[in-house]
Amino acid sequence: MVGTNNKPYYIFCELCGQEYNIIADEQDIIDWLSGDKYIQDALGYLSAGERELLISRTCDTCWKKLYP
C-alpha cells in the first residue's frame, strides 16, 4: 500500500452477515467519501470485491450469487 496511515475498517455484509476487515489508508477513505476521488482512484490497491463491499455493503460471494 502507498499510504502510511492505514486503519482497519470492519464491515458486515448486509446479506450474509459475514464480517470483513479491510485495511486502507484513512486519507484515501476520506477522499472517496468526500467525492474528491472515485473509489477506484482513491483505493485502487484494494480488490474490486473489497471496494464493492465498501460501496454497497455486499461481499464478493453474495455479489456473485446475486449477479452470476
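**Aromatic rings, strands and core**

Author: The structure holds one aromatic pair. Trp-63 and Tyr-67 form this pair, which is tilted, with 4.7 Å centre to centre and 50° between the planes. Rings of Phe, Tyr and Trp (its six-membered ring) pair if their centres lie within 6.5 Å; planes under 30 degrees apart count as stacked, over 60 as edge-to-face and the rest as tilted. This is a predicted model, in which local features need pLDDT of at least 70 and side-chain atom pairs count only at pLDDT 80 or more, while totals for chains, interfaces and linings use all residues. Residues are numbered from 1 along each chain as its sequence is written, and side-chain values use heavy atoms, with hydrogens and water left out.

Reader: Is Tyr-67 buried or exposed?
Author: Tyr-67 counts as exposed because its relative accessibility is 53%. Trp-63 counts as partly exposed, at 31%. Buried means under 20% relative accessible area, exposed over 50%, and partly exposed in between (1.4 Å probe, protein chains only).

Reader: And where is Thr-58?
Author: Thr-58 lies in the loop between α3 and α4. Helices (H or I, at least four residues) and strands (E, at least two) are DSSP runs, numbered from the N terminus. Thr-58 has 9% relative accessibility, so it counts as buried.

Reader: What is Thr-58 in contact with?
Author: Leaving aside neighbours within four places in sequence, Thr-58 is in contact with Cys-13, Leu-15, Glu-52, Leu-53, Trp-63 and Leu-66. Contact means heavy atoms within 4.5 Å.

Reader: Changing topic, how many bridges join β1 to β2?
Author: Seven bridges join them, and the two strands run antiparallel. Two strands pair if DSSP finds at least two bridges between them. β1 and β2 form a hairpin with six residues between them, and Gly-17 in the turn has a positive phi of about 85°. Lys-7 stands opposite Ala-24 in β2.

Reader: Which residues have the most contacts inside the largest nonpolar core?
Author: They are Ile-22, Ile-29, Trp-32, Leu-43 and Leu-54, in a core of 15 residues. The elements giving two or more residues to this core are β1 (6-12), β2 (19-25), α1 (26-33), α2 (39-42) and α3 (48-56). A nonpolar core is a set of buried Ala, Val, Leu, Ile, Met, Phe, Trp, Tyr and Cys residues joined through side-chain atoms within 4.5 Å.

Reader: Which residues of α3 are buried?
Author: The buried residues of α3 are Gly-49, Arg-51, Leu-53 and Leu-54.
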